[in-house]
Amino acid sequence: MPPTDTPGDTPADKPADKPADKPADKNDAKPGAPLADRVDVVVIGAGPAGLMAARALRERGVDFAVIDKKSCIGLPLACGEGVLLHEIEGLGLDFDLHEYGTLSRRQVFVYGALQKRFSIDTFELNRPAFERALAEPVLPQLRLDTRLLDVTETPEAVFVKTSDGTIRARMAILAKGPDDKLPRKLGMTSRRHEMVVAYGGRYEGCDLPDLTWRIDLLDGFGTLNYFWIFPYTATKANVGLGYLNRPGLGINLRREFERVAATQPSLRGARMTLEVGGSIPVSGALDRTFTDRLLACGDFAGHVGALGDGIYYAMAGGKLAGEIAAGAVKRGEFGRDALRVYETRWRAQFGGPLKAGIAFRNILDRAVRAGVALALVRLIPAPLGPAILFDGKLRRTLGLVDRLLPRLPV
Ligand SMILES: Cc1cc2nc3c(=O)[nH]c(=O)nc-3n(C[C@H](O)[C@H](O)[C@H](O)COP(=O)(O)OP(=O)(O)OC[C@H]3O[C@@H](n4cnc5c(N)ncnc54)[C@H](O)[C@@H]3O)c2cc1C
C-alpha cells in the first residue's frame, strides 16, 4: 500500500494486511433489512453521527432507514478513539459507557524538551464495540453494503440514489463522513474543507504503566501536526500521527509515523495489530447545515474539533438532527424556515467550542510555520489548552488574534 499524503486516498479505505484486533471478531452481524423504496427519513452513514440520528428517530416512532457502504459496523477503523468521558456521558446513552473504554486522568503535551502535564477525564473507546452498542436498537432499519450515489431534492421529496435502488423520503440526514463535493453540490458551502490526514494503528506490547495520554507537537513538518499515544491498557494503545495538509508539503505520512514511533520508549518492542488512518475536515462547519429537506451532521457538516476530535460533535449533532427531523416529519413541516432550528440548536450546544478551537489551531499553525511555536506553547498554562479546545474558553480574544495575525508577514 503506498503511503498516503492525499485526503482521498486513505489507508482506512483499504483492508489492513495485519491481523485484526479482537473487536473485529464479534462484528460479523450483517443486518440486511430489505431496502424500502419509501420511508419518512433516510440516514446516510452509520458512524457515530448517523447512529445517534437513527436512535433519535426510533425513539420518536418515525419510519426510517439507515444506509452505509461498509460491510461491518465500526470497521475499518479511522480513529484515535479518544473522547472526554463527561461529554459522551452528557448525551444520555442507555448503556454503560465504561464497558467500552478506559478512563485516564493523566495527560502530557510534549514539544521537544518542554512537557506540559494536565488532568482531564480522557476516555479511550473501543470504538468498533462502542458503535455496535450504538447500532443495536436500529439494526432492523440498518442496511450495510449500500452506497449512496446521489441525493436530489424536489419540493415534494428527497430522492436518495443508492447502489441498490432509489429511496424516496420526506427528509434525509447526511452523516456520511468527510465529503468535499456533495456539500457544494447541495449549496451548503462554497469552500473546500481543510483536512488533517492521519495514520497509525492499534499497538500491543506497549509499556504504559500509568495510562498517561501523550500528544507531541513535532518540529520539521512546516505545518501543525500531532503524534498521539492513547492507552487502552498498560500494554495496548492507539498510536498515530496527523498533520494539517496543504499543497506542496510532500510529507510521506506512513514513513514519518514509523520514524516517530521508533523513537518512543513506551513503544519499544510493541507491534501494530490494526492499521488506522483517514482524513478529518478541520476548518469548521459548513456555511449552512440544512436545506429544505436535508440536515448535515458529523464530519460531513464539518462538526469536528480543531485537532480532529469529532466523535462527540458527531454524536451530539446526529442526535439533534434526528430529533429535528422527527419533529418535522410529525408536523409535516419542511423547508428552510422549519429546519433552521437545527442550526440554531447545534450552535448553541457546541458552536462555541468549535469556533474557539479553530481560532486556537490557526494561531498555533501560524506559530509552527513561523518557528515560534515553542515560545507560544511555553506561555500557555497547561490546563488552558483543553479549556479552549473543549470548553470554548477565550473565544472572543482568540477570534480577534486569529483575524489580526494574517495581516502580519509570516
Ligand atoms: C485517524 C483518525 C483519528 C481520529 N481520532 C479521533 C479521536 O481520537 N477522537 C475523536 O473524537 N475523533 C477522532 N477522529 C475523528 C472521528 O473519527 C470523526 O470525527 C467521527 O468518526 C465522525 O463521525 P461521523 O459519523 O460523522 O463520520 P464517520 O465515522 O466517518 O461515519 C460515516 C459513515 O458513512 C459511511 N459512508 C461514507 N460514504 C458513504 C457512501 N457513499 N454511502 C454510504 N455510506 C457512506 C462510512 O462507511 C461511515 O460508516 C479521528 C479521525 C481519524 C481519521
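**View 1. Strand S15 is mostly covered.** Buried means under 20% relative accessible area; exposed means over 50%, and partly exposed lies in between (1.4 Å probe, protein chains only). Strands are DSSP runs of E with at least two residues, helices are runs of H or I with at least four, and both are numbered from the N terminus. This is a predicted model: local features need pLDDT of at least 70, side-chain atom pairs count only at pLDDT 80 or more, and totals for chains, interfaces and linings use all residues. Residues are numbered from 1 along each chain as its sequence is written, and side-chain values use heavy atoms, leaving out hydrogens and water.

**View 2. Strand S12 pairs with S15.** Strand S12 covers residues 195-204. The pairing with S15 is antiparallel, over 9 bridges. Two strands pair if DSSP finds at least two bridges between them. Val-239 in S15 is the bridge partner of Gly-201.

**View 3. Strands S14 and S15 form a hairpin.** Between the two strands lie 4 residues. Strand S14 (residues 225-231) pairs with S15 in the antiparallel sense, over 7 bridges. Leu-241 in S15 is the bridge partner of Phe-227.

**View 4. Cys-297 sits in a loop.** The loop runs between strand S17 (294-296) and helix H6 (311-331). Cys-297 counts as buried because its relative accessibility is 1%. Beyond its neighbours within four places in sequence, Cys-297 is in contact (heavy atoms within 4.5 Å) with residues including Ala-49, Ile-173, His-303 and Tyr-342. The C-alpha atoms of Cys-297 and Val-239 are 27 Å apart. Along the chain, these residues are 58 residues apart.
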